[in-house]
Amino acid sequence: MSFKKRVVVSSSSSTGSGSTFAFKPEQKIPTGIRLSPYNGQLLISTGVPSLDDILCGIPLGSLFLILEDRNTSYAKLLLKYFIAEGLAHENRVLVASADEKPQALVKGFPVPPSIQNKKISLDKLSSSSSIINSQQDQLPQPFCHTFDLTKRISEKTINAASLSFIDIAEFSSNEQTTSHNALRIAIQSIASPMWPISTSSQELFRFFHALRGLLRSTNHAAMMTIPAHLYIHSELGSAVSPSISFIPFIKRIARVCDAVVGIESFAGSPQTSNSIYTSQYNGLFHVHKLPTINSLLAPATKLSILSGGGGDQLGFKLRRRKFAIEKLHLPPEGGVGERRTVAGGGGSEVENAHKSLKKFDKGDDATDNDINNNRNSSIIIDSHNSKPKRVIGGGINV
Amino acid sequence: MGYATLDTALSFSSDDEYDNIKNIPPSGSSILIKDTIGAEGGFLIHHFLVNQLKAEKHAVLVSLAQTMQHYATIGRKLGINLQIAQQKGTFSYIDGLTHLYTTAPSSSNDSTINPPSTISTNLRQQSLISDAFLTNCDSSSSLSSPSLSHIYSTIKSVITTRHNIPGSRLALIIDDLSALLYAGCNVCNLIEFFKACRLLCQKQKGSLITLIHADEAMDAIISSADEENARQEDLFIKSLQYQSEYILAVRGLGSGFSRDVSGEITLARGPQNYDLEYRPTTLQYKILDNNVQFFARGFSQGVL
């Protein structure tokens, strides 16, 4: 207990035995955890491939904060993705919420195809052979699953998973386990008015600061959503978009989080947004802070294809089956309206031929393509996008 | 070395008696680093830490923002080994992140005699550090606002036991003093704390290096509770600025993000700075994997 030179037992393995959790080389890295190619940090997936690209994965031992959107629930969807990814990897998951029953939050999950397959194989296992199951085990687990938003997770999977719930309204402590499996902590709408405790700026900061200290030495990671827009002054609230530079309360919290992103949906935005954007995207995605643990430079500034260090404007779109974040760009010059006027007013022969050819090829899909493509686009591109419900360039697979 | 281009920009004049030492902050000085959320100033902490240890001088790092692992990993990239420096006795680490609020069974009998451990190479040792901050905390309410007097006594005991050597030119580095303000410490007490730390350093002919957060856009205010917070933060920043000789203000580019320029830094002169060789300037910088380049505005390699 003194300050004498201490013979440090584990000084030789300085990388492995630091305060950030690390696995010894002989130990197998559990599923769902990946080593960062940049600095060897252990990462877990958010469940959304494009968000994984922006952040380069969530480092274990870090805090990830999402500033919620106004009036819509896209942030909750991201949280669901995060939990579902944990269930798919059979990680331990802790869900806390005051706004709704955490159990209810889990029930509406998207489900990855691999879980469905696995369930089938387990059913078969009970009846016939064990070969199928062993084959399933040998398949390498992907870092990030592809989720289908149209399907709901089954009760059986929920019951089988190691989930812990904290309903803030009736708080009770949960059992502690020590395991190398990653623990995902998901907290919905922290510091919302539904939380019975007083959330002064100082107290909330202390909670985050203490949690950061707690997480750093473990293999846990926390994702939280916070209704940032509630903390804007009411007079300004209608005019100012929820950017953290305007909210001192949120800014202080953002300081202790490792990564901060903000979601701003067009539907909930008080500002009138351009219809060109609203037809393509559901809202804007702001990257305020990237995880920078154990390195000078955030790994994402080097590795991310999508954001490249937070420089580009990002938008997100929610389609029937998936949520994706993309670079925000205007649709090609000309757009929908201009094309229609040209086509309606007789147009040139080339234009008409173009249109008739498309109708011949795809029948009813032609109107759909009109929205997605400009008049300069060639027929070849049209035929690529011939499926009516297809998301163009949706997400980047990492 | 730290970031060579920053060394030339700062050009700390070396005292006569320590002529062989370069790039060490002048004795008794205080360096204040201000950063914004768009451009965080943590990279400057490493610069001063590396310079100090490369010159075989002493450094005490009080971290409220990161773990030891973080500093050690980056230190290795910049060419110093914190673990070895710790064993040699030139470096001490005080963990203010993981055990600032936690309440543990107080080992009161030995905590007064033995200063806290500063070595955090494994978890068991980390728990020893906790004793430092904790003995005064009442066990009933966890997450009460941190006790400044206790942090101070920890720092003092570390300095007097480990670094009370003539010619140590101790640098006390506080990573993120704002965290204490945000956690609910009284502003006046915090300013007193800063003064006391400064005095400790001056006794060792050392320097105090402090990182605080100073975001702009406070004018777009805000609810009444925020107003009080903003007023306090304003007072905090201004009084620290007034007491410091060198002010390094880091901020993002006004024109937005650029791939070639990470941000802008203003090297400013505090009110009591009589260093004639020091020329306040504004530079731009770019953070690389294991270095940071500083250059005059508009002279980025990517632009030219």
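This is a predicted model: local features need pLDDT of at least 70, side-chain atom pairs count only at pLDDT 80 or more; totals for chains, interfaces and linings use all residues.
1. Overall composition of chain A. Chain A contains 15 helices and 12 strands, and 41% of its 398 residues count as buried. When contacts between residues at least 6 apart in sequence are considered, 73% of those in chain A join residues at least 24 apart.

2. Overall composition of chain B. Chain B has 304 residues, of which 46% count as buried, and its secondary structure comprises 10 helices and nine strands. Of the contacts in chain B with a separation of 6 or more, 72% are accounted for by residues 24 or more positions apart.

3. A three-stranded sheet in chain A. Three strands of chain A form an open sheet in the order β1-β2-β3, and their pairing is antiparallel. Its edge strands are β1 (33-35) and β3 (58-59) of chain A, each of which pairs on one side only. Strand β2 of chain A, residues 42-44, is joined to β3(A) by two bridges in the antiparallel sense, and here Ile44(A) stands opposite Ile58(A) of β3(A).

4. Strand β1 of chain B and its covering. In strand β1 of chain B, residues 30-35, six of the six residues are buried, and the strand is accordingly described as mostly covered. Ser30(B), Leu32(B) and Lys34(B) point one way from β1(B), whereas Ile31(B), Ile33(B) and Asp35(B) point the other way, and all are buried. A reader examining the side chains may wish to note that Lys34(B) and Asp35(B) are among these buried residues.

5. The partners of β1(B). This strand pairs in the parallel sense with strand β5 of chain B, residues 207-213, over six bridges, and in the parallel sense with strand β6 of chain B, residues 246-251, over four bridges. Packing of two helices in chain B. Helix α7 (residues 148-162) and helix α9 (residues 187-203) of chain B have axes that come within 10 Å and cross at roughly 5 degrees; because this angle falls under 35 degrees, α7(B) counts as roughly parallel to α9(B). From α7(B), the residues in contact are Leu148(B), Tyr152(B), Ile155(B), Lys156(B) and Ile159(B), and they meet Asn189(B), Leu190(B), Phe193(B), Ala196(B), Cys197(B) and Leu200(B) of α9(B). By class, this contact between α7(B) and α9(B) consists of nine nonpolar residues, one polar residue and one charged residue.

How values were computed:
Residues are numbered from 1 along each chain as its sequence is written. Chains are lettered from A and ligands numbered from 1 in the order in which they are written. A residue is buried if 20 or more other C-beta atoms lie within 10 Å of its own, exposed if 12 or fewer, and partly exposed in between; C-beta atoms are placed from the backbone. Two residues are in contact if their C-beta atoms, placed from the backbone, lie within 7 Å. Two strands pair if DSSP finds at least two bridges between them. Axes are lines fitted to C-alpha atoms, for helices over the stretch in contact, and angles run from 0 to 180 degrees between N-to-C directions. Angles under 35 degrees count as roughly parallel, over 145 as roughly antiparallel, 65 to 115 as roughly perpendicular and the rest as oblique. Ala, Val, Leu, Ile, Met, Phe, Trp, Tyr, Cys and Pro count as nonpolar, Asp, Glu, Lys and Arg as charged, and the others, Gly among them, as polar.
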